[in-house]
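Thanks for coming. Please have a look at it first.

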Amino acid sequence: MIDKNSPLPIYTQIEDGIRSQIENGELKPHDAIPSEREYATQFQISRMTVRQAITNLVNEGLLYREKGRGTFVSEQKIEQQLVGLTSFTEDMKARGFTPSSRLLHFEIIPATAKIASQLSIQVHHPVYEITRIRLADGIPMAIETVYMSANLIKGVTEAIIQQSLYNYVEQQSELKIGHATQTLEAIVATENETEHLQVAKGSPILLIQRYTYLEDGTPLEVVRSAYRADRYKFTVSINRT
Ligand code: 16G
């Protein structure tokens, strides 16, 4: 792993070494890596140097530390292309994961002024307020709150939102989803999010807010999705025009 004659700093070489052990599967998610002392003895280097390498990988999210237990390999992040207008169910299936949802809240409420204007409906008209934890292979990935007009999409039940909302809109309601606008920003998880996403207090979260419209331009949904930043990364392909 280490070549003392290389122009690369030793800590970079350790980082690269651990990184390639993760990439080639020698180190698997949740495997413990050797301790600072073990690396230091093995390569005849200082523990400070080892610590710097490991800290860099922890900060990158490739490794995580557990107090008193050691340092472990993180799960690989799900890489999500920001291209098509897809649903969580479709995204997870496309990756070979089994999607599921845990329903936290489902209610029909009178639209507030803000929601009404976002959905282009009258204030106090009925809207669904739905909060679900979205899971992939049983692991919580995101918490999502959706607002949708109950006059536009009729008959939504708890059973339906355990499955796919987009599927219900398109198959049962026979409406065509057209386009969406979306923002992506970094936030710190709230206590509620921390609890439901099973992440440490103060963890970073990728917040997506989506406004989705039907093909005829009618607003369909206003959505707030809080994704775990330790399990997700988004990629965008861009052209220079
Ligand atoms: C995605 C969408 C969300 C939509 C949901 C439908 C993002 C950021 N959000 O999570 O707007 O309501 O899919 O999922 O991608 P479903 O069809 O699986 O219920």
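How do the residues of the lining of the largest pocket divide into nonpolar, polar and charged? Before the answer, a caution: this is a predicted model. The lining has twelve nonpolar residues, ten polar ones and six charged ones.

Let me stay with that pocket for a moment. The space in the largest pocket comes to about 460 Å³. There are 28 residues lining the largest pocket, and the closest to its centre are Leu85, Thr86, Tyr166, Gln182 and Arg210. Several elements give two or more residues to this lining, and I will read them out: the strands β3 (78-81), β5, β6 (139-149), β7 (177-188), β8 and β9, and the helices α4 and α7. The one that gives the most to the lining is β9, with four residues.

Where is the ligand? The elements that give two or more residues to the shell around the ligand are α4 (88-94), β5 (126-136), α7 (165-172), β8 (204-214) and β9 (219-228). Here too β9 gives the most, and again with four residues.

In total, 16 residues surround the ligand, and the closest are Thr89, Glu144, Ser164, Leu165 and Glu221. By type, the shell holds six nonpolar, five polar and five charged residues.

Next, some individual distances. Which residue places a polar side-chain atom 2.6 Å from an oxygen atom of the ligand? That is glutamate 144. A polar backbone atom of leucine 165 is 2.7 Å from an oxygen atom of the ligand, and a polar backbone atom of phenylalanine 88 is 2.9 Å from an oxygen atom of the ligand. As for cover, the ligand on its own has 460 Å² of accessible area, and the protein covers 99% of it.

Please keep the units attached.

That is what I have. Questions are welcome.

Definitions and conventions:
Residues are numbered from 1 along each chain as its sequence is written. This is a predicted model: local features need pLDDT of at least 70, side-chain atom pairs count only at pLDDT 80 or more; totals for chains, interfaces and linings use all residues. Side-chain values use heavy atoms; hydrogens and water are left out. A residue is near a molecule or strand if one of its heavy atoms lies within 4 Å of it. A polar contact is a pair of N or O atoms within 3.5 Å; within protein, one must be able to donate a hydrogen and the other to accept it, and residues adjacent in sequence count only if both atoms are side-chain atoms. Accessible areas come from the Shrake-Rupley method with a 1.4 Å probe; for residues, only the protein chains shown count as cover. Ala, Val, Leu, Ile, Met, Phe, Trp, Tyr, Cys and Pro count as nonpolar, Asp, Glu, Lys and Arg as charged, and the others, Gly among them, as polar. On a 1 Å grid over the protein atoms alone, a cavity is a set of points where a 1.4 Å probe fits but cannot get out, and a pocket is an open set with protein on both sides within 12 Å along at least five of seven lines; lining residues have an atom within 4 Å of a point. Grid points are joined across faces, edges and corners, and a volume is the space filled by probe spheres set on the points.
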